[in-house]
Amino acid sequence: MSDAGAVDHGPARTSAVLSIGALGTAVATVGLFGVPLGTLAAVAGVPFLLYGVLRGSRRGVSIGAFAVFGGVVLTGIVGAPPEPLLVGTAATVIAWDLGEQAINVGEQLGREARTVRGELVHAASGTVVGVLAIAAGYGVFALASGGQPLAALVVLLVAAIALVEAVRD
Amino acid sequence: MTTRATHRWYGVAAVALIAAGAGVAASRPALLLAGVVGVAYAAYARSGAAPAVDLEIERELSTDEPDPGGTVVVTLRARNAGPFLPDLRLVDGVPGALSVTGGSPRFGTALRSGKVVAFDYELGAERGRHDFDPVTVVARDASGATEREMEIDVPTSLTCVPRLVESSMRVPLRAQTAQYTGPVATDTGGSGVEFFATREYRPGDAMTRIDWNRLARTGQLSTVEYREERMATVVLAVDARAPSYEGADDHALERSVDAAGRIAASLLDAGHLVGIGALGTEPCFLAPGTGEEHRTRIERTLAMHPALAPTPPTRTVIVAQRVRELRRRLPANAQVVLLTPLLDDYAVALVGRLQASGHATTVVSPDVTAEDTPGRRLAHLERRLRVNRLRGSHVPVIDWEPDERLERAMAVARVRR
């Protein structure tokens with residue numbers, strides 16, 4: 001890519017703001033259930049993601065998102081209904097995706113460039129995937145709550161991962 | 001055109017595995033379910049292939065012949081003749097010597113099939129002919145897992161020719177002149193307007209030049225001589241070797257070319273014959289001449305000749321060859337005004353060689369040295385020494401300091417003489 005003069009290659013603002021919003025949603029969902037350890041882990045991830053998304057550090061974004069996801073898992077281990085766990089996980093992945101998107105848009109196009117439309121479409125399509133996943137997960141839970149053994153769910157999940165692996169081109 | 005994986009979803013499957021593992025270990029079906037989200041995003045990342053890109057791009061300039069320092073608005077318009085592009089990024093190929101003064105030549109959007117998108121930005125116009133580079137296009141699939149990069153060439157160019165404006169700046173010239181009547185006062189008596197001397201009458205002297213008063217007073221025949229005024233043939237030689245590209249935002253070559261333009265204008269307006277030469281990557285010589293057409297030729301040579309390009313030369317300049325060519329093409333009676341920043345000793349040697357081959361030389365030297373670091377102070381002092389060395393050997397040097405008007409530098413140089 002040609003570089004004309006000094007271009008500010010900091011993270012793109014729209015995706016950065018949306019990423020912070022998604023992370024806030026994830027932390028709030030975890031915090032709502034008041035599992036101290038889970039909330040602590042989730043809150044600990046926030047400054048990392050903020051640093052990553054504002055200063056353009058992929059490592060910061062990943063560490064932050066991973067810590068928040070850790071909080072979701074801890075909350076799940078202690079015990080929580082599926083709704084907050086599904087929403088928390090999806091929101092964390094969205095925060096991670098948009099954080100990285102902010103960084104790569106910034107790298108390729110810079111901060112002065114008009115990029116809002118492309119960023120919004122990317123954010124929307126990632127969010128739609130999250131909503132569909134939550135709906136699917138909740139559907140499986142509603143079906144499985146009839147008393148099917150945990151093993152059946154595990155096999156289903158492994159099968160799904162295997163299927164995804166198989167669709168590589 | 002290249003297609004590559006961005007690896008930005010690398011590790012998302014871990015979300016599924018960690019949630020599932022922890023769910024199984026702690027016997028929490030609800031946590032196990034959260035793994036579904038991980039699976040969904042892993043599938044999302046794999047689903048998209050790099051989109052086929054079929055774009056029609058146009059570039060429009062508000063003007064393709066701007067004035068120097070003016071602004072050119074560049075509008076880039078892209079029509080999507082292919083399928084929906086969820087993440088399209090365009091980077092315009094701004095010409096290397098120009099700088100963006102407003103907006104950004106980069107743009108990111110989503111573009112539906114058949115739709116047109118446009119964006120614009122501003123460029124500051126600078127001397128020369130500038131060709132745009134191809135537009136870089138990057139298209140990603142919705143998840144951003146794969147991207148396709150290509151370049152689309154949209155040939156566009158803009159030329160910016162500084163006009164030689166009317167000028168009454170007095171350029172201190174050397175005494176070397178042509179045989180034609182013109183504006184340089186010589187130290188030879190003859191026909192002219194200013195009184196020079198009287199001498200004894202010689203048969204053949206024009207009757208109008210006989211000093212009749214003196215004949216009446218003393219009875220002796222004598223002839224009045226006037227100071228002869230001749231036309232000068234001046235070649236403005238611009239030193240365009242690598243050192244001339246030194247200097248922060250306004251490098252020495254820009255100032256040299258600017259000075260050459262103004263000197264040429266004032267010399268032409270005063271009735272001299274003016275030519276242009278350059279010591280740069282390519283041979284450049286415009287034989288001395290006069291008249292409107294020649295004025296335009298000088299404008300275009302100074303603005304667009306590749307030897308005077310505003311970006312530093314990428315290959316080495318064989319200076320000795322350029323100097324040989326210049327000396328061969330200089331008319332015998334031509335004097336030279338050499339425009340050089342005097343940043344190396346070769347520039348001084350060059351003046352010596354020009355003088356030795358019979359061309360009285362004046363040096364116009366834009367000062368681009370600074371004094372803020374020890375290294376720069378040294379360069380500054382070395383340049384001072386070169387100026388003094390030249391002046392010591394009776395070569396007039398017009399030392400043109402930054403932020404000083406050229407007219408003033410000329411006036412100072414005239415006083416020195």
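What is the bridge partner of Val234(B) in strand 15 of chain B? Select Val234(B) and then Val274(B): these two residues are the bridge partners. Keep in mind that this is a predicted model.

Now widen the selection to strand 14 (residues 233–239) and strand 15 (residues 273–279) of chain B. The two strands run parallel, and seven bridges join them. Strands of a sheet pair through backbone hydrogen bonds, either parallel or antiparallel.

Next, show the whole sheet. Six strands of chain B make up this open sheet, in the order 16-15-14-17-18-19, with mixed pairing. At the edges are strand 16 (283–289) and strand 19 (397–400) of chain B, each of which pairs on one side only. From one strand to the next, the twist averages 15 degrees.

Finally, select helix 7 (residues 345–356) and helix 8 (residues 374–392) of chain B. Their axes are 10 Å apart, and the helices pack at an angle of about 10 degrees. Angles under 35 degrees count as roughly parallel, so helix 7 of chain B is roughly parallel to helix 8 of chain B. Their crossing is right-handed.

Show side chains for the contact: Asp345(B), Val348(B) and Val351(B) in helix 7 of chain B meet Arg386(B), Arg389(B) and Leu390(B) in helix 8 of chain B. By class, this contact has three nonpolar, three charged and no polar residues.

How values were computed
Residues are numbered from 1 along each chain as its sequence is written. Chains are lettered from A and ligands numbered from 1 in the order in which they are written. This is a predicted model: local features need pLDDT of at least 70, side-chain atom pairs count only at pLDDT 80 or more; totals for chains, interfaces and linings use all residues. Side-chain values use heavy atoms; hydrogens and water are left out. Axes are lines fitted to C-alpha atoms, for helices over the stretch in contact, and angles run from 0 to 180 degrees between N-to-C directions. Helices (H or I, at least four residues) and strands (E, at least two) are DSSP runs, numbered from the N terminus. Angles under 35 degrees count as roughly parallel, over 145 as roughly antiparallel, 65 to 115 as roughly perpendicular and the rest as oblique. A crossing is left-handed if the near helix is turned anticlockwise from the far one by less than a right angle, and right-handed if clockwise. Contact means heavy atoms within 4.5 Å. Ala, Val, Leu, Ile, Met, Phe, Trp, Tyr, Cys and Pro count as nonpolar, Asp, Glu, Lys and Arg as charged, and the others, Gly among them, as polar. Two strands pair if DSSP finds at least two bridges between them.
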